[in-house]
Amino acid sequence: MLQLAQLLVSGYLKGSISTIERRYGLSSQKSGVFASFNEVGNTVFIVFVSFFGSRVHRPRCIGIGAMIASMAAFLIALPHFISGKYEYTEDVSDENTSGLCQREGFLQASNQTCSKNEGHANHAVFPILLLGQLLLGIGGVPIQPFGISYIDDYANKKNSPIYLGILFALTVIGPALGYLMASFLLRYYVDFNILLGELPLKRDDPRWVGAWWLGFLLAGTFLFLTSLPYLFFPRSMTTQESTETPVEPTPEKLKLEKEAEPDTTHELSLIQFLKKFPQIVLRTLRNPIYLLVVLAQVNLAAMVAGLATFMPKFIERQFTRTASFSNIMIGGFSIPSAMLGIMAGGMILRRQNLSVRASAAMCSTAVLLAIIFALPLLFLGCSTQKIAGIYPFSQDGSQQCSLNCSCSNEAFNPVCGSNNVEFLSPCHAGCRQRITKNGTILNYTDCSCVRSDIYPGHAVPGSCKNGCSDLLIPFMILSSLTCFLASLSQTPSFMMILRTVTPEDKSFALGIQFMLFRVLAFLPAPVLYGSAIDSTCILWGKKCEKRTSCNYYNLDLFRQRFLGLQTFFVVGGLMFFFLSYVVLKRADSAQQQQAKQMNIMEKGGDKKETKQLINQSNVKCHSKM
């Protein structure tokens, strides 16, 4: 339950990140920094956890860590309560017609307030979010390492794999539930005190912001409640074997148990451990198979980091879907496909009893097939819809007609003209009238910039469709197949690591592996993806003369750079898996060659001994004669 609660927070954060970005005007690069910042605390403290592993009260450390993580979830929700009501541009009412085209010389001011107090509150938002993520990473450090070791120490050896299997299954189920929870809560407006019926915004409006903060409060409370029992667990427990019928230990078993007892006289101090830490890391990395497999896994982890953080946003933009719908796609299709791939890879490994070399071949084949299914995704999409004066950029004077309307340069209230061209606002479309029903705007009329057969044209609220809705189903099918095939390599690659390092280095090798995951994949990858996405922006939003989040992207470049980065990392994984297969093949060939030479030498030695015996017998015969 504790692991589920922790991963629920993590999955919910990834699912709501595009909404937080829109709410506080963050760039995708900043969103990437925010998404990966929990790895900073995790990476720093994982070294100390590996040292203090068996020297501390593990259940109590788990409980305290989970409490810190729950406080971090509450801290991430704090900006909602200090930043005031969400105000979007061109928030018009019956008494205010500031969103329409006005007479010449009447400069429209954006309704967005720019008070000093609100400015200070908004400046504090990003540091608060980063601090929450940092504490979330620190609090999560002891949960899995101490939990796994505690279960393995005191559970029945037959039941231990079942318990650990349930724990590992939750590492996939937890984030999926987080995405689904985000899908449900983001349907509600960010300010709960406003009834949906009174809102002029619809859920498919590009300015819509859902109740992103509510999920952190719910998941944080769940995490806090599940952490409390761990404060009352004992430091050590009676093993399940000892409660069963006692069996008289054999002398061999007593000898093994004595050898397995830790030698406290050789325990290192923290200073000695930190001094020897780089030496142990270098010794582990000198194993070529270990290094190649870990680098392959790092590439695949970088691909997963980008998919988890920005795939919901990609679906939102590429297929003009809501944030709620996009999270359903990730939590309901992509993550379950990855879980099935992990399970299928483990079953194949068990049934076929694959060797290390065969495991490398299986990983290479699975990743190659994933690339084959991923390549069509680069071409499965649509271009950005026509936006007057923005895309495609032209000097035809399409926006000259709205110059006399004195439109605000911060206005963002998209409308779609009857000529299927999108405008930044009714003012930019030259609209002077609007038709409402029960407080809801149905359409805008008398739009001088909308060129149509019936002049002047009209416009409806919201963005124009780009015609990509029909491509969503084939996109999700290919994307899910790619996730499934790439995930087939996870279990075999872990077994390759466990079988190629010395038994005394196994725990440390896995620790180094996860540390490299964080340093080389989970930390930089979201920032890299965010920078690539920002480079495709064609119009940045503005508020109080400062740049906010992106309003429009070049969708062709967005698709090519985002999915191209994912394909690049999968190709990197294939390259390192294939190199590990080549190294193993050469090692096997060298061993076979050595075995042949040994056989030849043994046969040659037998012939020599036979010849000596014959000569000795001949000598004896001659002496007798």
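Me: Is T320 buried, partly exposed or exposed, and how should I read its relative accessibility?
Reply: Buried stands for under 20% relative accessible area, exposed for over 50%, and partly exposed for what lies in between (1.4 Å probe, protein chains only). T320 has a relative accessibility of 26%, so it counts as partly exposed. The model is a predicted one, in which local features need pLDDT of at least 70 and side-chain atom pairs count only at pLDDT 80 or more, while totals for chains, interfaces and linings use all residues. Residues are numbered from 1 along each chain as its sequence is written, and side-chain values use heavy atoms, with hydrogens and water left out.

Me: Which residues does a cis peptide bond join?
Reply: The cis bond is between Y391 and P392, with omega about -15°, and P392 is placed in the loop between α13 (356-374) and β1 (415-417).

Me: How many aromatic pairs does the structure hold?
Reply: Rings of Phe, Tyr and Trp (its six-membered ring) pair if their centres lie within 6.5 Å, planes under 30 degrees apart being stacked, over 60 edge-to-face and the rest tilted. The structure holds 20 aromatic pairs. In one of them, F184 and Y188, the ring centres are 5.6 Å apart and the planes stand at 70°, so this pair is edge-to-face. F319 and F475, with centres 5.3 Å apart and planes at 55°, form a tilted pair. That pair links distant parts of the chain, 156 residues apart, with F319 in the loop between α11 (288-318) and α12 (323-352) and F475 in helix α14 (residues 472-487). Both F319 and F475 are buried, and they belong to one aromatic cluster whose members include F314, Y529 and F562.

Me: Which charged residue lies over the face of W540?
Reply: A charge sits over a ring if NZ of Lys or CZ of Arg is within 6 Å of the ring centre and within 35 degrees of the ring normal. R547 lies over W540 at 3.7 Å from the ring centre, and the charged end of K30 sits over the ring of F126, 5.2 Å from its centre.

Conventions
Helix = DSSP H or I, 4+ residues; strand = E, 2+ residues; numbered from the N terminus.
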